[in-house]
Amino acid sequence: MILFGCQLIQDASVLLELPQTCISTAQNFLKRFFLENSLKAFDIRYTAFASLFLAGKVEEIDLRPSTVITVMHHLLSRRKVQDVLSGGETPVTTLAEWRERFPIQGPKGKSSSSAEGSDQLGTGEGSEKRYSTSIMGFDETPLPKGSDAYWNFKEVLLFYERHVLKSIGFQMTVEHCHKYLLIYSNALKLPPPIIQLAFNFANDLQMGFVSLRFTPSTLACSCLLLSCMQLAYDLSSSHLPVDWWLLFDVSYEDMLEVLGDLHILYRTPP
């Protein structure tokens, strides 16, 4: 499921033409959120979009809610999740029907029917377990701004954004391995094909929890090692020690564990 959420962030970022730093930050928020919360209590799709919306603010990217909602609606329509969610029921087309079928429970178990009530979501004990929202009636037509469906999406987006902020403890500074990858590549004087492939591996590492378990320097050296292995590049020919990773204070055992997790990730069916 985490892989699905990270892939959803990746697909949305391609449509929004976001830089890789924003994508990695959003994926970091998503994984940290579900380290503290259950997949049963929160919908991973809306959490993914909320993480992307929050990452845009952190990386100082002009990412408007209307833009995120448009892409969010488009991707969910393409995946035809209404068939999975509705279970044969008729789609919800109005705000009143949506609130009646999927009431937003407040901290005391009372149904909230206003934006003011939605601000109280999750403030009570166990309220996240009572909250259930599934927006039906997705189609390929863009959402008109100001429509009931648009406000439904916006309300859910802002609700999940607040919960992501709360779960990560407002610690929004993320250090990625890409910076170390560039520094180490220049220090080792590696050719461009090796660097490009290593950056591809670094992007794929963000799809799993391995990026949270190890330091950015370990991840960077692991990507460089795998890239050299894939392209049969011998680092010893460049007058470097065999255990060159020790120059960057990285353990060989940690790199093997990272490569093992990456191998499992590549073998995971889509």
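Colleague: Where does glutamate 17 lie?

Modeller: Before that, some housekeeping: this is a predicted model, where local features need pLDDT of at least 70, side-chain atom pairs count only at pLDDT 80 or more, and totals for chains, interfaces and linings use all residues. Residues are numbered from 1 along each chain as its sequence is written, and side-chain values use heavy atoms, with hydrogens and water left out. Helices (H or I, at least four residues) and strands (E, at least two) are DSSP runs, numbered from the N terminus. As for glutamate 17, its place is the loop between α1 and α2.

Colleague: Is glutamate 17 buried or exposed?

Modeller: We go by relative accessible area, with a 1.4 Å probe and protein chains only: under 20% is buried, over 50% is exposed, and in between is partly exposed. Glutamate 17 has a value of 72%, so it is exposed.

Colleague: What is phi of glutamate 17 near?

Modeller: Most residues other than glycine have a negative phi. Glutamate 17 is not a glycine, yet its phi is positive, near 55 degrees.

Colleague: Which loop holds aspartate 249, and what is its phi near?

Modeller: Look in the loop between α13 (216–230) and α14 (252–267) for aspartate 249. Aspartate 249 counts as exposed because its relative accessibility is 72%. Its phi is positive too, near 60 degrees.

Colleague: How do α1 and α2 run relative to each other?

Modeller: Axes here are lines fitted to C-alpha atoms, for helices over the stretch in contact, and angles run from 0 to 180 degrees between N-to-C directions. Under 35 degrees counts as roughly parallel, over 145 as roughly antiparallel, 65 to 115 as roughly perpendicular and the rest as oblique. The axes of α1 and α2 (residues 20–36) come within 10 Å and cross at roughly 155 degrees. So the two helices are roughly antiparallel.

Colleague: How many charged residues are in the contact of α1 with α2?

Modeller: Contact means heavy atoms within 4.5 Å, and here α1 brings residues including Ile2 and Gln10, while α2 brings, among them, Ile23 and Lys31. For classes, Ala, Val, Leu, Ile, Met, Phe, Trp, Tyr, Cys and Pro count as nonpolar, Asp, Glu, Lys and Arg as charged, and the others, Gly among them, as polar. In the contact of α1 with α2, seven are nonpolar, five are polar, and the charged count is one.

Colleague: And what about α1 and α3, at what angle do they pack?

Modeller: Helix α1 covers residues 2–16 and helix α3 covers residues 44–58. Their axes are 9 Å apart, at an angle of about 45 degrees. That makes α1 oblique to α3.

Colleague: Which word describes how α2 and α9 lie?

Modeller: α2 and helix α9 (residues 148–167) have axes 9 Å apart and an angle of about 75 degrees. Residues such as Phe29 of α2 and His163 of α9 take part in the contact. The angle therefore makes them roughly perpendicular.

Colleague: Last one: how many helices and strands does the protein chain have?

Modeller: The protein chain has 270 residues, and 49% of them count as buried. Its tally is 14 helices and two strands.
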